Amino acid sequence: MGVLKDILYKTSLVSTSGSMDREISHLAFDSRKVKGGTLFIAVKGTQADGHAFIGQAVKAGAVAVVCEKLPDDISDEITYVAVKDSSRALGWIASNFYGNPSSKLRLVGVTGTNGKTTVATLLYNVFRKMGHKTGLLSTVVNRINDEEIPASHTTPDAISLNELLDEMVKKGCEYAFMEVSSHAIQQERVAGQKFAGAVFTNITHDHLDYHKTFDAYISAKKKLFDELDSEGFALVNVDDKRGRIMLQNTKAAKNTYALRSVADFKGKLVSNTLQGLEMEIDNKNVWFRLIGDFNAYNLLAVYGVAVLLGKKSDEALTQLSLLDGAPGRFEQVMNNSSVTAIVDYAHTPDALKNVLETIAEFRAEARQVITVVGCGGNRDKGKRPLMASIACKWSDKVILTSDNPRDEEPLEIIKDMQAGVSPADYKKTVVLADREEAIKTACLLADNNDIILVAGKGHETYQEIKGVKHPFDDKEVLGRMLNLFAKE
C-alpha cells in the first residue's frame, strides 16, 4: 500500500489530472494483471504499447494511470499522470512502492557479454560461506538465502525485481548480487535501484538484433556505470579495451582488474588444467576449482568486489578456492566412458572461442575435440556464421544442430551458420537438426580420451520450439548417451 504522490517520487512528471492522494494497493504494466486499487503504468514495449490498453486497465479496476500521452477519453473517477518516460518511471514507481529495498542492502550489479552468471553466482556463494544472508538474481536462478526461485529472464521486470529485493530485505539479506543485462538497462528495468557497486566483465558480439549497432550495445552497458552515485564503486576489466570507457562519466570510485594490464586487482595465471587453475593474486598463489582463462577473470572480479565490500583479502581468497562454478558453465559431465564431456552456455562467438581455447590448452595431441553447437532463433543472426567458423577452427569435428529455434526453422538457422564454414572445413562438419541425435552422434564419433563440447544451452533444461518449451537437458542427454555406448 502507498499514497500515489509518494509512489511517484522522481518520475519526471509532465502533467496530472485527478487526486494525487489515492491509496494504491497494486502495481501493473500488463492490463491483464490489473485489479481493484491498481496503479497501471502504460509502457511502450518491444511487442506492444501499453497505452493501447489503458481503457482495459481502467475497466479492470485501475484507479490511477501513468502514461506518456494522456488518452482522449478521460474518466473523472481516475487519476491520470503524464510522465516523460514511462519505462523509467516504472522503475522508480516500483522501487518507491516497495520502500526502496535496494537502499536497505548492498546491491551489486554485474554486466558484460560473458561471465555475468558466474561472477554473480560466485559472489553469492562466497558471501554465504562468509556467514551473510545474501540474495542472487541470475539467468539460472534467483535465491533468497537458501530459498530457490526460478528465473525467467536475465534481469526481472521492474515490479518483480523490487518485489524480490523487498523479500530479501524482509528475510534479513545484507547483500544481493545481480546480473544486469543490456536489455534491462536499455528498458530501464533497473531505474530507481541504488547499487553499492557495478562490475563490467567484457563486451563482445551479442544482442545486435536488439541494439542494432555495437556502439549502442556498449552505451547500454555504460549507462549502468553512468548512473552510479558517489557512494558506490565501479570495477571494470581493463584487459577489455572498453573497460575504461565504462568509467568515463561515473561518479563512483573507479577500480580495475586485469591479467595482462596494470590494474588495482592484478592476477597472474600460473597453471590451467582440467582439475582447476592456479593464480597469483596479491603475491599469494591460490588454487581454484574453476577451469580456463575466462574463469581467471571471473575469479579476479569476485575477489575485487569482496575486497571493495570490506572483506579481508585472505578470507576472500580462501572461500573462493573452495567453490565450484555456476551450473552449465564449463561443467564436466560425469560418465562411465573415458571421454571428457563438457557442457557450456557459450552462445556468443567470444564465449565459444574462450571455451575451445581452454580445451586446446589441456588436450593431448592425439585427442579429438568434437563440438556440438547451434544458435538461437529470433536472435542476432550476425553471430551465426561466426559461431560455426570458430567451432571449425578449434575442433576436429563439428556437428551443427538446433539450439532454441523459437519461431524459426532449425535448418534455416543452420544454413546461416554454414555460411561461416570454409570449403576446407566441409569434411569435418555434420548437420543434424535434432539436438539429441546430434549429441548421440558426437558420442558415437568419440574415441577413448576424446573431448566432447556441447555448447549453447548450458544450464537450460528445455528447448523452445514454436512457443513451447520442451524438456531437454544437455547434461542428461550427454551423460546418458556416453554411458549407453560405454556399456556396449
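Is the crossing of helix 13 and helix 14 left-handed or right-handed? Helix 13 passes helix 14 in a right-handed crossing. The model behind this briefing is predicted.

**Helix 13 and helix 14**

- Helix 13 spans residues 384-394, and helix 14 spans residues 410-418.
- The two helices pack at an angle of about 65°. Their axes lie 6 Å apart.
- On the helix 13 side, the contact is made by Arg384, Pro385, Met387 and Ala388.
- Helix 14 answers with Ile413, Asp416 and Met417.
- Sorted by class, this contact holds 5 nonpolar residues and 2 charged ones, with no polar residue.

**Helix 10 and helix 11**

- Helix 10 covers residues 293-308, and helix 11 covers residues 313-321.
- Their packing angle is about 140°, and their axes are 9 Å apart.
- The crossing of helix 10 and helix 11 is right-handed.
- Helix 10 brings Leu299, Val302, Tyr303, Ala306 and Val307 to the contact. Helix 11 brings Ser313, Ala316, Leu317 and Leu320.
- This contact of helix 10 with helix 11 has 8 nonpolar residues, 1 polar residue and no charged residue.

- Strands of a sheet pair through backbone hydrogen bonds, either parallel or antiparallel.
- Inside the order, strand 21 (residues 369-373) and strand 24 (residues 451-455) run parallel. They are joined by 4 bridges.
- Across that pair, threonine 371 faces leucine 453 of strand 24.

- Strand 2 runs antiparallel to strand 7 (residues 79-83), and 4 bridges join them.
- Threonine 16 has valine 81 in strand 7 as its bridge partner.

- Strand 15 (residues 253-258) and strand 16 (residues 265-273) run parallel, joined by 2 bridges.
- Alanine 258 has its bridge partner in strand 16, at lysine 266.
- Strand 16 also pairs with strand 17 (residues 276-281). Here the strands run antiparallel, with 6 bridges between them.
- Serine 271 stands opposite glutamate 278 of strand 17.
- The link from strand 16 to strand 17 is a hairpin through 2 residues.

**The second largest pocket**

- The second largest pocket holds about 440 Å³ of space.
- Its lining has 24 residues. Closest to the centre are Trp92, Gly192, Gln193, Lys194 and Glu227.
- Helix 3 (86-97) and helix 8 (214-226) are the elements that give two or more residues to the lining.
- Helix 3 supplies the largest share, with 4 residues.
- By class, the lining of this pocket divides into 8 nonpolar, 7 polar and 9 charged residues.

Note on methods: Residues are numbered from 1 along each chain as its sequence is written. This is a predicted model: local features need pLDDT of at least 70, side-chain atom pairs count only at pLDDT 80 or more; totals for chains, interfaces and linings use all residues. Side-chain values use heavy atoms; hydrogens and water are left out. On a 1 Å grid over the protein atoms alone, a cavity is a set of points where a 1.4 Å probe fits but cannot get out, and a pocket is an open set with protein on both sides within 12 Å along at least five of seven lines; lining residues have an atom within 4 Å of a point. Grid points are joined across faces, edges and corners, and a volume is the space filled by probe spheres set on the points. Ala, Val, Leu, Ile, Met, Phe, Trp, Tyr, Cys and Pro count as nonpolar, Asp, Glu, Lys and Arg as charged, and the others, Gly among them, as polar. Axes are lines fitted to C-alpha atoms, for helices over the stretch in contact, and angles run from 0 to 180 degrees between N-to-C directions. A crossing is left-handed if the near helix is turned anticlockwise from the far one by less than a right angle, and right-handed if clockwise. Contact means heavy atoms within 4.5 Å. Two strands pair if DSSP finds at least two bridges between them.
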